[in-house]
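Colleague: I would like to learn how to read a model like this one, feature by feature. Could we go through it together, with the general idea before each case?

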Amino acid sequence: MLSLLVENIYLLVVVTLISVLQNVFFAQKVERECKNRNTSGSAFQRVSCANRNCMDAYPTFLAVMWCAGVCLSQAPAAFAGIIYLLVRQKYFIGYLGQSSQSTPGYLFGKRIISFLSLMCIVGIFNYLLWRFYGSDYKEYVETITNAASALLLLP
(Lines give C-alpha, C1' and ligand atoms only; values in the text may rest on other atoms or scores of the structure.)
Protein backbone atom coordinates (compact mmCIF):
# COMPACT_ATOMS: atom_id res chain seq x y z
CA MET A 1 0.00 0.00 0.00
CA LEU A 2 2.78 2.43 0.93
CA SER A 3 4.74 1.62 -2.21
CA LEU A 4 1.68 2.43 -4.33
CA LEU A 5 1.35 5.80 -2.59
CA VAL A 6 5.04 6.60 -3.11
CA GLU A 7 4.79 5.50 -6.74
CA ASN A 8 2.04 8.08 -7.28
CA ILE A 9 3.93 11.01 -5.75
CA TYR A 10 7.69 10.40 -6.02
CA LEU A 11 8.18 12.85 -8.91
CA LEU A 12 6.38 15.55 -6.94
CA VAL A 13 8.61 14.81 -3.95
CA VAL A 14 11.75 15.11 -6.09
CA VAL A 15 10.63 18.47 -7.53
CA THR A 16 9.75 19.69 -4.02
CA LEU A 17 13.21 18.76 -2.73
CA ILE A 18 14.87 20.49 -5.68
CA SER A 19 12.80 23.58 -4.92
CA VAL A 20 14.02 23.49 -1.31
CA LEU A 21 17.62 23.41 -2.55
CA GLN A 22 16.86 26.36 -4.80
CA ASN A 23 15.44 28.29 -1.84
CA VAL A 24 18.65 27.56 0.09
CA PHE A 25 20.66 28.89 -2.87
CA PHE A 26 18.57 32.09 -2.94
CA ALA A 27 18.96 32.56 0.83
CA GLN A 28 22.73 32.11 0.57
CA LYS A 29 22.89 34.77 -2.14
CA VAL A 30 21.07 37.19 0.16
CA GLU A 31 23.32 36.30 3.09
CA ARG A 32 26.50 36.70 1.02
CA GLU A 33 25.36 40.06 -0.31
CA CYS A 34 24.51 41.17 3.22
CA LYS A 35 27.94 40.16 4.56
CA ASN A 36 30.03 41.41 1.63
CA ARG A 37 28.52 44.83 1.16
CA ASN A 38 26.73 47.56 2.94
CA THR A 39 23.10 46.47 3.45
CA SER A 40 21.88 49.79 2.09
CA GLY A 41 23.47 49.08 -1.32
CA SER A 42 21.38 48.60 -4.41
CA ALA A 43 22.83 45.10 -5.04
CA PHE A 44 21.58 43.94 -1.64
CA GLN A 45 18.20 45.54 -2.30
CA ARG A 46 17.86 43.72 -5.63
CA VAL A 47 18.87 40.30 -4.30
CA SER A 48 16.67 40.74 -1.26
CA CYS A 49 13.70 41.80 -3.38
CA ALA A 50 14.22 38.93 -5.84
CA ASN A 51 14.31 36.45 -2.96
CA ARG A 52 11.19 37.95 -1.38
CA ASN A 53 9.31 37.83 -4.69
CA CYS A 54 10.28 34.18 -5.22
CA MET A 55 9.23 33.29 -1.69
CA ASP A 56 5.88 35.06 -2.10
CA ALA A 57 4.98 32.82 -5.04
CA TYR A 58 6.45 29.64 -3.54
CA PRO A 59 3.42 28.44 -1.50
CA THR A 60 1.13 28.91 -4.50
CA PHE A 61 3.53 26.94 -6.70
CA LEU A 62 3.76 24.06 -4.24
CA ALA A 63 0.00 23.93 -3.69
CA VAL A 64 -0.97 23.84 -7.35
CA MET A 65 1.84 21.44 -8.30
CA TRP A 66 0.84 18.95 -5.62
CA CYS A 67 -2.88 19.31 -6.29
CA ALA A 68 -2.36 18.87 -10.03
CA GLY A 69 -0.13 15.84 -9.47
CA VAL A 70 -2.42 14.12 -6.99
CA CYS A 71 -5.75 15.02 -8.59
CA LEU A 72 -4.80 14.47 -12.21
CA SER A 73 -1.35 13.28 -13.26
CA GLN A 74 2.00 13.27 -11.54
CA ALA A 75 4.32 13.38 -14.58
CA PRO A 76 3.02 16.56 -16.29
CA ALA A 77 2.71 18.32 -12.92
CA ALA A 78 6.31 17.43 -12.04
CA PHE A 79 7.48 18.47 -15.51
CA ALA A 80 5.72 21.82 -15.13
CA GLY A 81 7.29 22.09 -11.67
CA ILE A 82 10.81 21.61 -13.05
CA ILE A 83 10.14 24.17 -15.77
CA TYR A 84 8.82 26.57 -13.11
CA LEU A 85 12.01 26.14 -11.07
CA LEU A 86 14.14 26.88 -14.13
CA VAL A 87 12.04 29.95 -14.86
CA ARG A 88 12.26 31.05 -11.25
CA GLN A 89 16.06 30.72 -11.43
CA LYS A 90 16.05 32.86 -14.59
CA TYR A 91 13.83 35.40 -12.85
CA PHE A 92 16.12 35.55 -9.81
CA ILE A 93 19.30 35.95 -11.87
CA GLY A 94 17.58 38.45 -14.18
CA TYR A 95 16.50 40.50 -11.18
CA LEU A 96 20.11 40.79 -10.06
CA GLY A 97 20.88 42.61 -13.30
CA GLN A 98 18.22 45.05 -14.35
CA SER A 99 14.70 44.40 -13.14
CA SER A 100 13.48 44.50 -16.76
CA GLN A 101 15.52 41.32 -17.39
CA SER A 102 13.32 39.47 -14.92
CA THR A 103 10.03 40.25 -16.69
CA PRO A 104 10.11 37.30 -19.14
CA GLY A 105 10.76 34.88 -16.25
CA TYR A 106 7.92 36.39 -14.26
CA LEU A 107 5.43 36.12 -17.14
CA PHE A 108 6.51 32.58 -18.00
CA GLY A 109 6.15 31.59 -14.34
CA LYS A 110 2.60 32.94 -14.30
CA ARG A 111 1.80 30.80 -17.35
CA ILE A 112 3.08 27.67 -15.61
CA ILE A 113 1.11 28.44 -12.44
CA SER A 114 -2.00 28.90 -14.63
CA PHE A 115 -1.38 25.55 -16.34
CA LEU A 116 -1.01 23.79 -12.99
CA SER A 117 -4.15 25.51 -11.69
CA LEU A 118 -6.07 24.35 -14.74
CA MET A 119 -4.80 20.82 -14.14
CA CYS A 120 -6.14 21.03 -10.56
CA ILE A 121 -9.56 22.20 -11.70
CA VAL A 122 -9.81 19.52 -14.40
CA GLY A 123 -8.70 16.81 -11.96
CA ILE A 124 -11.26 17.85 -9.36
CA PHE A 125 -13.99 18.16 -11.99
CA ASN A 126 -13.15 14.68 -13.32
CA TYR A 127 -13.34 13.26 -9.79
CA LEU A 128 -16.77 14.86 -9.29
CA LEU A 129 -17.98 13.42 -12.61
CA TRP A 130 -16.80 9.97 -11.54
CA ARG A 131 -18.23 10.31 -8.03
CA PHE A 132 -21.69 11.56 -8.97
CA TYR A 133 -22.21 10.30 -12.53
CA GLY A 134 -19.91 7.31 -12.83
CA SER A 135 -18.08 8.84 -15.82
CA ASP A 136 -14.30 8.71 -15.61
CA TYR A 137 -12.40 10.67 -18.24
CA LYS A 138 -9.05 10.58 -16.44
CA GLU A 139 -7.24 8.64 -19.20
CA TYR A 140 -8.38 11.10 -21.86
CA VAL A 141 -7.53 14.11 -19.72
CA GLU A 142 -4.11 12.68 -18.82
CA THR A 143 -3.33 12.19 -22.50
CA ILE A 144 -4.30 15.77 -23.28
CA THR A 145 -2.38 17.06 -20.26
CA ASN A 146 0.75 15.12 -21.22
CA ALA A 147 0.63 16.61 -24.70
CA ALA A 148 -0.19 20.11 -23.44
CA SER A 149 2.68 20.09 -20.93
CA ALA A 150 5.12 20.05 -23.85
CA LEU A 151 3.60 23.37 -24.96
CA LEU A 152 5.04 24.93 -21.81
CA LEU A 153 8.42 24.89 -23.51
CA LEU A 154 7.25 27.43 -26.10
CA PRO A 155 8.35 30.96 -25.23
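Colleague: Does C49 count as buried or exposed, and at what relative accessibility?

Modeller: First, a word on the source: this is a predicted model, in which local features need pLDDT of at least 70 and side-chain atom pairs count only at pLDDT 80 or more, while totals for chains, interfaces and linings use all residues. Residues are numbered from 1 along each chain as its sequence is written, and side-chain values use heavy atoms, with hydrogens and water left out. As to burial, a residue is buried under 20% relative accessible area, exposed over 50% and partly exposed in between, using a 1.4 Å probe and protein chains only. C49 has a relative accessibility of 17%, so it counts as buried.

Colleague: How many disulfides does a search of the whole structure find?

Modeller: In general, a disulfide is a covalent bond between the sulfur atoms of two cysteines. The criterion here is a pair of cysteine sulfur atoms within 2.5 Å, and a search of the whole structure finds zero disulfides. For C49, the nearest cysteine sulfur is that of C54, 9.6 Å away. The sulfur of C71 lies 5.5 Å from its closest cysteine sulfur, in C67, which is too far for a bond; C71 itself is partly exposed, with a relative accessible area of 30%.

Colleague: Which elements make up the protein chain, in order from the N terminus?

Modeller: Helices (H or I, at least four residues) and strands (E, at least two) are taken as DSSP runs and numbered from the N terminus. The protein chain has five helices and zero strands, so its order reads α-α-α-α-α. Its C-alpha trace spans about 65 × 35 × 20 Å along the principal axes, and buried residues make up 37% of its 155 residues.

Colleague: How many aromatic pairs are there?

Modeller: Rings of Phe, Tyr and Trp (its six-membered ring) pair if their centres lie within 6.5 Å, and planes under 30 degrees apart count as stacked, over 60 as edge-to-face and the rest as tilted. By this rule there are eight aromatic pairs. The ring centres of Y58 and F61 are 6.4 Å apart with planes at 40°, so this pair is tilted. Both residues belong to helix α2 (residues 42–71), where a spacing of three residues separates them by about one helical turn. Y58 is buried at a relative accessible area of 10%, and F61 is buried at 0%. The rings of Y91 and Y95 also form a tilted pair, with centres 5.6 Å apart and planes at 50°.

Colleague: What does N51 touch, leaving out residues up to four places away in sequence?

Modeller: Contact means heavy atoms within 4.5 Å. N51, found in helix α2, touches F26, A27, V30 and F92, and N51 is buried, with a relative accessible area of 17%.

Colleague: Which residues form the nonpolar patch on the surface?

Modeller: Like charges are joined within 9 Å, and nonpolar side chains (Val, Leu, Ile, Met, Phe, Trp, Tyr) within 5 Å. Accessible areas come from the Shrake-Rupley method with a 1.4 Å probe, and for residues only the protein chains shown count as cover. Here V6, Y10, V14, I18, I82 and L86 form the patch, with about 500 Å² of accessible area together. The elements giving two or more residues to the patch are α1 (2–36) and α3, and α1 gives the most, with four residues. L86 sits in helix α3 and is exposed, with a relative accessible area of 56%.

Note on methods
Patches are made of residues with over 30% relative accessible area and no salt bridge: like charges are joined within 9 Å, nonpolar side chains (Val, Leu, Ile, Met, Phe, Trp, Tyr) within 5 Å. A salt bridge is a side-chain nitrogen of Lys or Arg within 4 Å of a carboxyl oxygen of Asp or Glu.
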